[in-house]
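Hi,

Here is the structure I promised to pass on. Have a look at it first, and my notes follow below.

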Amino acid sequence: MSTESGAKTKQAERPGPGPVGPRGGGPMGMGMPAAKSLHFKESGLRLLRQLKPELWPLLAAVVLVIGSVALAVVGPKLLGNATNEVFTGFIGSRLPAGATKAQVIQGMRAAGDNQSADMLASMDVTPGEGVDFSVVGTILAGVLLVYLGSALLGYAQGLITTGLVQRSVYRMRRDIEEKFACLPLSYFDRQSRGEILSRVTNDVDNIAQTLQQTLSQLLNA
């Protein structure tokens, strides 16, 4: 009987399987999908309230990202103008010098090449003149300034976003410290040390990283 009782005691004390991975089903996280948030809406609203003191920096970041995206959209349009200038100069260099545009179009129509005549009519081309590289250079310089302005505005938006996120996280940590200072000692006796440290460090760090990545992507989108 004593031997059987000792075996049962050892079996009861035997540790169970290792910790389940973040996706369930085993230590490596294989198997069932990760659990979804149970209070996503409530947590999202509380997170927005944490960002409320950063309203003006957030609006400034919105304005900067709008300017950055707008300049990034204008850039290809300007590059298109440079391409048109090169193409127009190339076509003009292949037309007879000294003739007017109307005369060249009339000659094309007389030869039955109406498609080329219609294309030439829609272009601002001077027969006999090639590519004006000074105009192309001016356009490309403007494109460079546009993309540089877009990058600077995006950089400023990133700085502002990083600042407001870090200030919000600082307030979270301060609120957690004040909350812990008000809790009775019996609460800490019931909680494991690792869980308390996880809430103070890991959870807040995860919020900071999520805000930093998601907020910038959301503004750009």
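A pocket here is an open set of points on a 1 Å grid over the protein atoms alone, where a 1.4 Å probe fits, with protein on both sides within 12 Å along at least five of seven lines; lining residues have an atom within 4 Å of a point. Keep in mind that this is a predicted model, where local features need pLDDT of at least 70, side-chain atom pairs count only at pLDDT 80 or more, and totals for chains, interfaces and linings use all residues. Residues are numbered from 1 along each chain as its sequence is written, and side-chain values use heavy atoms, without hydrogens and water.

The second largest pocket is lined by Asn84, Glu85, Thr88, Gly89, Met123, Asp124, Val125, Thr126, Glu129, Gly130 and Asp132. That lining splits into two nonpolar, five polar and four charged residues (Ala, Val, Leu, Ile, Met, Phe, Trp, Tyr, Cys and Pro are nonpolar, Asp, Glu, Lys and Arg charged, the others, Gly among them, polar).

As for the largest pocket, 31 residues line it, and Ser43, Arg46, Leu47, Met172 and Ile207 are the closest to its centre. Its lining has 17 nonpolar, eight polar and six charged residues. Helix 8 gives the largest share, 11 residues.

The chain itself has eight helices and zero strands (DSSP runs numbered from the N terminus: H or I, at least four residues, for helices; E, at least two, for strands). Of its 221 residues, 21% count as buried, meaning under 20% relative accessible area with a 1.4 Å probe, protein chains only.

Cheers

Key
Buried < 20%, exposed > 50% of the residue type's maximum accessible area, 1.4 Å probe, protein only.
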